[in-house]
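Notebook open, structure loaded. I'll jot down what I look up as I go.

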Amino acid sequence: MVLTTLKPHRGGTKMKLYGGIDLHSNNCVINIIDEDAKVLLKKRVNNDLIKIKRLLEPYFDSLTGLVVESTYNWYWLVDGLVESGFKLHLANTAAIQQYSGLKHGDDDSDANWLANMLRLNILPEGYIYPKEERMIRDLLRKRNQLVQQQTKNIVSIQGLYDRHVNGRIRGNVVKILTKEQLNNHFADPNVRLAIESNLIVLRCLIQQIKVVEKSLCQQVKLRDEFRNLTSIDGIGFTLGITIMLETGDISRFKKAGNYASYCRCVNGARYSNGKKKGKTNTKNGNRYLSWAFAEAANFAIRYNDTVKRYYQRKLAKSHIMVAKNAVAHKLARACFYVLRDGVEFDVNRAFGYSR
């Protein structure tokens, strides 16, 4: 329901307005407030960009900004409104805290709180990645998803070998298994069919991964400011473009610790008076960067002696995953300085050991 229409305010000048949009899968709730938090518009509409723009048009000149939650389906709405000239803000849903004095909450109150956080200048914002590069980044994410599915199929076949014939088989061997080999290894036709099913899916995935990688190689090159990434041991082309496309503008991170936290390389914990009081959300941040630096850590440990010695010192005092995460954390911090300062990676500075 539209509550009121926009009117001139204070000596003929128009008041500043703030908007919040609570986005769902098939509809959204729009709330517009003025400088005094008075609600001027409150309406639920279907997810139709034309209808939404038509509803917002009368407030265009006075809108300071519109806030949309960073939900799974925000692309079409944010891109469409930006192209129409609206100023959009993407709310970081993981960092938003609802007003504690609210006794009853619903979609209207959620949209209103988004607008009020913008009005009060306390909105925890997410990064609106440039549209053109976002599409390439999402193709790279799709490649990662296909690789994960490929690994699942390989592990499934290896598990069947372990279970039925107590046989160890390497991943590279799994990829080239023939029907004759399966007939020799397994007498039961049901087991053979299970493995053949995995192999059909696996080979389709391998083929499609190559298609996606070819397209990425043709479209993506490391930008000048990201070229020094490959001087970091453990980071090649695939991890380099992953870090480049997932990081975006490095200047949006104030410190190395902020970047490492965004890469999920920092443990989530809350301390008071030197004592641990609880955990925070460890999944805050970018899971793709977390994967990239975990992979880089594995390679760096294998091929760089200085990193390997650092890892072994950590491993002697802790669990293997803690030690590897420590290496990933160091690499993330080093990456921040490499990108911010435009310098090459210095392994002694990053992993040097001082007593």
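Is Cys 217 buried, exposed or partly exposed? I get 46% relative accessibility, so Cys 217 counts as partly exposed. My scale is relative accessible area: buried is under 20%, exposed over 50%, partly exposed in between, with a 1.4 Å probe and protein chains only.

Housekeeping: this is a predicted model, where local features need pLDDT of at least 70, side-chain atom pairs count only at pLDDT 80 or more, and totals for chains, interfaces and linings use all residues. Numbering runs from 1 along each chain as its sequence is written, and side-chain values use heavy atoms, with hydrogens and water left out.

Next, disulfides (a pair of cysteine sulfur atoms within 2.5 Å). I find zero of them. Cys 263 has its closest cysteine sulfur in Cys 265, but at 5.3 Å that is too far for a bond. Cys 263 is buried, because its relative accessibility is 0%.

On to helix H12, residues 320-341. Helices here are DSSP runs of H or I with at least four residues, numbered from the N terminus. The expected span is 1.5 Å times one less than the number of residues. Buried residues of H12 include Ala 323, Leu 331, Cys 335 and Phe 336. Among the elements covering the buried residues are helix H8 (237-247) and helix H10 (287-303). Just after H12, Gly 342 has a positive phi of about 65°.

Last, Asn 116 in helix H3 (residues 107-119). Asn 116 counts as buried because it has 9% relative accessibility. Beyond neighbours within four places in sequence, Asn 116 is in contact (heavy atoms within 4.5 Å) with Ile 33 and Ala 37.

Notes
Helix = DSSP H or I, 4+ residues; strand = E, 2+ residues; numbered from the N terminus.
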